[in-house]
Structure formats: C-alpha cells, structure tokens
Amino acid sequence: MRQIYPFLSHIATQTLRKCAATETHCCRAIFLQNFLRKSVCDAAAKYYYRETLFLTAMDNESELIEKAKVLLEALPYIQRFHDSVFVVKYGGSFMDSEDPVVRERVAADIVFLNSVGIKVVVVHGGGKAITRAMAKTNITPQWKNGIRVTDAETIKIVEKTLNNVINKEICDMIARRRGVPLGMPGNHVNVCEKLKVEDANGNPIDLGFVGDIKSVKTKLIKKALAEGKIPVISPIALDAEDRPYNTNADAAASAVASALKARRLVFMSDVPGLLQDPSDPTTLISTLRVSEIDKLKKEGVIAAGMIPKVDSAVKALQSGVRRVHFIDGRTPHSLLLEIFTDKGVGTEIVHPDVKL
C-alpha cells in the first residue's frame, strides 16, 4: 500500500533541508513526512509532494532566472573558447589564506574551465612558502634588484618547496573538485640560462641560481592536455648542464603560454588589474593596447612590481598569445567573471590592431 514511502520520505527530508530558510515550506516538508507516516494513500502523498515542489519552485523562480541569465551570457564565450589553450599564472595571497574555501575557490574555477572544454595549464609561484621554508633552516633571504638571491643551499629549498609542496597542494585542490591534475615539476619542461642582471652603474650582479627561461618543451604538456588533464607546472628550470634554477613565475607563465601559442594568459595577483590611480580601485583600466604601455610607464601608472608582469604580458603577445589578463585572485570567481562575462573584472592587454 505504501510502496513509495521510503522514496518520498527521502525526498521530504531533502526538501526540508533545501527549504530550511523558508519557514512555511519547512513546515510543509515536515508535514509531508508525518503525512506519510500516518498511512496516507499513495495518491494523496504524490499530490501533496507535487504541491510542495511547486510552491518551492515559485519562490526560487526569480533566483533561477537570474542564474539562467548568467549561463546564457557565458554561452557564447564557452562556445568560442572550446578546445582553446588557457595558461593561468596561479599566485597571490589567497594561496596562503587560512580559510580553505578561499584557497580552493580558484581551483574550482580552473576545473570549471576544464569541464567546459577549455584546455587549462597552471603555472604557479610560491615566494612566501619559500621564505617560510628558509626560515625553518635559519637561512635569511637576500634580495638584489628586487630578486631573491639563490645560492646552492637556497635552490635546494626552493626546488623542494615548489615541486613537492606547493605543486602537490594545488594538484590536491583540483582533484578534490574532481579535476584531473598532472603535477609537472618545471625541471621537466623549462630550459633556461643564468639570468644576467646589472646594477644602476652597469655592473653585473650575481644572483646565484636564478634563471631566464629560453624555451619550453611542450610535448609533455600537450600530451596531458590531449588526455583531458590539467598540467600544474612549477617555475623551476634546468640549464644545459641539468642544474636547477629558480625563475620568476610570471616569466615562466609567459614562456609556457608563448610556447603553446595559448589563446589566453591570465595573471592572478593581489590587485584588481592596472589602475590609472593605484590608490583608487575605481580607476581600473579595463582594456589596454600594447601600443599604450610605454606612455603609462613614463607616467608612472605602470610601476614597481607591475613592470615585470606587464613586460611578461607583452612578450607573450609578441609570441602569439592572443590576449593577456590581470585579475585579483582574492575576488571570488574572478577567473570566471573575467573570461565569461561581457564586462570582465580585471585588465586585458591586447594587440595594437584589436578593435575595441
């Protein structure tokens, strides 16, 4: 007589949970469970169950319509970018957040991109983690020209931290979101030479094992992408004698994107993008042509830590990458908002001949 009771009881429980914020419907769900327990006939139970779902649906209709609008806005971008290669430079203070939700939010966005047919390659940094690891061994970081000096002992710590700690953490977060990551130490793909730097007087500065990536072996990366995996690459590189070097993660992401001729290169950091006035977030520059960059450097709009990032972006564009984006990794789902909405949330740098 009550063959459907176990099924409907389960549904009622789920309805109760979903409607907990709405007192009226919460009472209806509880009543539905009691209704079933009192041997009410199947027909009446089915009727009341349909009525409960209908009322709940009416309340959620406007919210669902808004969600549908968001999906429809994303649709042409999803279609356009299907099977395209995106390189995401994964970095920023969100990586060190104590809140696991904040740390894993970007991983969820990356898995979303992968799930809609975009081939995503992740290149990560890990400067703060390296500094913490050095502190545990009582090694004081040294900096010259804003670059970490990396001696023989330091490179061991850098390599271990980037390849075995940070890389694994990112892969684990992607896997928890049901993505299929492939941890790829930069040693396997990045080829470098020793970085040459001069001081203000033109004298050479020895930074130790700090490298300048000259080429990227793409075979392993392309194989992983063809298999539907998400390569996660550290910025370690090897020289001609197979010695490991630390490289700038932004430059590493640019080199990987250039080698793959990626459609998009996205830099994640702790700023919303390029600002006309660095102290005023409302002055965000939404789109910037490469031809406008020198002027902004002279005006001081592009300065300090943004200069090497922008230089990496320009190099990537000159090597075949179509567009480069700068977004704030701390903003929830900034990656999706930048890629799949008309307005975006960061700054995109484009070729001079792009029509805006």
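Are Phe81 and Phe86 buried or exposed? Select the two residues to start: both Phe81 and Phe86 are buried. Keep in mind throughout that this is a predicted model.

**Stop 1: the aromatic residues**

Stay on this pair. A search of the whole structure finds six aromatic pairs. Phe81 and Phe86 form one that is edge-to-face, with 5.2 Å centre to centre and 65° between the planes. Tyr77, Phe81 and Phe86 form one aromatic cluster.

**Stop 2**

Next, select residues 85-90 and 264-269. These are β1 and β13, which pair in the parallel sense over four bridges. Within this pairing, Val87 stands opposite Leu265 in β13.

**Stop 2: the helix on the sheet**

**Stop 3: the nonpolar cores**

Nonpolar side chains tend to be buried together in soluble globular proteins. Here the largest nonpolar core has 41 residues. Select those with the most contacts inside it: Val87, Val121, Ile221, Val256, Leu265, Val324 and Ile349. Val87 and Leu265 are the residues that stand opposite each other in the β1-β13 pairing.

Centre on Ile349. Leaving aside residues up to four places away in sequence, Ile349 touches Leu274, Leu288, Val290, Ile293, Val310, Ala313, Leu317, Arg323, Val324 and Phe326. Another core, of 33 residues, lies apart from the largest one. To find it, select Val106, Ala107, Ile170 and Ile327, which are among its residues.

**Stop 4: Ala129**

Finish at Ala129, in helix α5 (residues 127-136). Why does Ala129 count as buried? Its relative accessibility is 11%, and buried means under 20%. Which residues does Ala129 touch, not counting those up to four places away in sequence? Thr161 and Ile166. Last, select the C-alpha atoms of Ala129 and Val165. They are 36 residues apart along the chain and separated by 8.8 Å.

How values were computed
Residues numbered from 1 in each chain as written. Predicted model: local features only at pLDDT ≥ 70, side-chain atom pairs only at ≥ 80, totals over all residues. Heavy atoms only, no water. Pairing = 2+ DSSP bridges. Helix = DSSP H or I, 4+ residues; strand = E, 2+ residues; numbered from the N terminus. Phe/Tyr/Trp six-rings, centres within 6.5 Å; stacked < 30°, edge-to-face > 60°. Buried < 20%, exposed > 50% of the residue type's maximum accessible area, 1.4 Å probe, protein only. Core = buried A, V, L, I, M, F, W, Y, C linked by side-chain atoms within 4.5 Å. Contact = heavy atoms within 4.5 Å.
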